[in-house]
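Notebook open, structure loaded. I wanted to look up a few charged side chains and then the ligand site.

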Amino acid sequence: MNIPFLKTDALPFCKGCGHDLIAKNTTKALEKLGFNPLDVIMVTDIGCHGIIDKCLNTHTIHGLHGRSSALGAGVTFGTEEPGKKVIVFIGDGGSTIGLQHLMEASRLNLNMTVVVHDNFLYGMTGGQTSGLTPHGFNTTTSREGNPFSGYDICALAHTAGASYVSRVMGIGDISDKLAVAFSTRGFSLVEVLEICPSYGMKLNPRRKLSEIAQSAGKEMGEWLNNRKPFIAHQGRKTDNLLEKVNPIAPSFKSYLKKTTSMILSGSAGEGVQLAASILAKAAMRSGLSITQKGSYPVTVGVGFSTAELNLSPEEVHFHGIAVPDMAVITSSDGLAHNKQRIAKMQGGYLFIDQSLEVPPTGAEVIRHDFRGMGARNASIFSVFFMALKTGIISTECLFLTIEAEGMGEKLPVAKIKEALVK
Ligand code: SF4
């Protein structure tokens, strides 16, 4: 069965928008070249053009503003096989926000196509001047006309080394011109000129696209470099990172009946993330599913260190926690970072070092001298203490996990055992 590229002909753009023409001519070109929708990976950027995603039967990825060429480059590295096509849609705004990404993809001559939807302004955000806005063109941020000239994106991509670059008017049937780019081996870029009816036409009444292009010196044409494309794999099979991970076989039982979320928090350098990963691996050893997420300031050596864990007898398909079922706090940094979430707890447990002031909370509070084990060991000790009090994981399983991870020398196993029986 032939699957159409577009799910609908009624595309979600303003009436008369050139994005409609580009989307339809792109699909027409791909059909002419005999592509199947699932052989095509469309990477879109922030901007009106990007709302095409939902209308496509191809693979789609939506990038951050200006980053879709870098995203497309990443996809190209991982999809370097015959019969697949990576196409990036980007606006004039996005292409100049992410200019370096475009230049790198051109310089490496990656096997992908970028279609620049150049309507001379930022359409989605309100008609502001972009890096491709021609001199004298009116935008909402340059009402008297842009005092600067725009970049020549085609010249930049060509001189950076792209195999194929072209500039076309977004009028009529441009599918053959797009097809040339799509069938190029190596990097290709097509700049399609258009005017946004909602901002560009209103702010520049009576100006025609051809006149704007001419006065901006944007000549239509093709520019070629006779270069081989960069082949990422060169016959090498992609490494599967998971192959290097040792599976943990369940050998303990857990009595946990429902998903339980937990915050473990203390100070940087006090082993919070290590304690969380010991707990996570012990949970796996007990047959539970788990997610672990670390959060700390960019200055990783100071301030709080928080680990968020979800433990469950079922598969867990999310990470992060709004309000935890349990919080284990071992320092004032950790308390300050989680005070608001602790205040929202309506039940569950708050394990907190006895040196800290107990914050308002609906959780049952259990105070203990975690820091008495030494600041660097407070977090791992708090995990054992919490496990002993709640029965969520057996302490035996935690000790075994420490041994299995080769941490027996580093962590104060004997001191923890002694403290637990007191
Ligand atoms: S605002 Fe402009 S660019 Fe965006 S869909 Fe409407 S006409 Fe097209």
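I started with Asp92, which is buried (under 20% relative accessible area, with exposed over 50% and partly exposed in between, 1.4 Å probe, protein chains only). Asp92 has no salt bridge, meaning a side-chain nitrogen of Lys or Arg within 4 Å of a carboxyl oxygen of Asp or Glu. The nearest side chain of opposite charge is Lys218, 8.3 Å away; Lys and Arg count as positive, Asp and Glu as negative, and His and the chain ends are not counted.

A note on provenance: this is a predicted model, where local features need pLDDT of at least 70, side-chain atom pairs count only at pLDDT 80 or more, and totals for chains, interfaces and linings use all residues. Residues are numbered from 1 along each chain as its sequence is written, and side-chain values use heavy atoms, leaving out hydrogens and water.

What does the side chain of Asp92 reach? I found the backbone nitrogen of Asn119 at 3.2 Å, and the backbone nitrogen of Leu121 lies 2.9 Å from a polar atom of that side chain. Asp92 itself sits in helix H3, residues 92–97 (helices are DSSP runs of H or I, at least four residues, and strands are runs of E, at least two, numbered from the N terminus). Beyond four places in sequence, its contacts (heavy atoms within 4.5 Å) include Asp118, Asn119, Leu121 and Ser130.

Next I looked up the salt bridges, and the whole structure has 13.

- Asp176 and Lys32 pair at 2.6 Å, N to O. Asp176 is in helix H6 (175–182) and Lys32 in helix H1 (18–32), 144 residues apart. Lys32 is partly exposed at 43%.
- Glu191 and Lys218 pair at 2.9 Å, N to O. Glu191 lies in strand S8 (188–193) and Lys218 in the loop between helix H8 (209–215) and strand S9 (221–224), so the pair ties together parts 27 residues apart in sequence. Glu191 is buried at 0%, and Lys218 is buried at 8%.
- Glu211 and Arg207 also pair at 2.9 Å, N to O. Glu211 is partly exposed at 32%, and Arg207 is partly exposed at 24%.

I also traced a network of salt bridges linking Asp118, Asp152, Arg167, Glu191 and Lys218.

Last, the ligand. I listed Cys14, Cys17, His19, Cys48, Asn119, Cys196, Pro197 and Ser198 around the ligand, going by a heavy atom within 4 Å. That shell divides into five nonpolar, three polar and no charged residues.

Terms used: Nonpolar A, V, L, I, M, F, W, Y, C, P; charged D, E, K, R; others polar. Polar contact = N/O pair within 3.5 Å; in protein donor to acceptor, adjacent residues only side chain to side chain.
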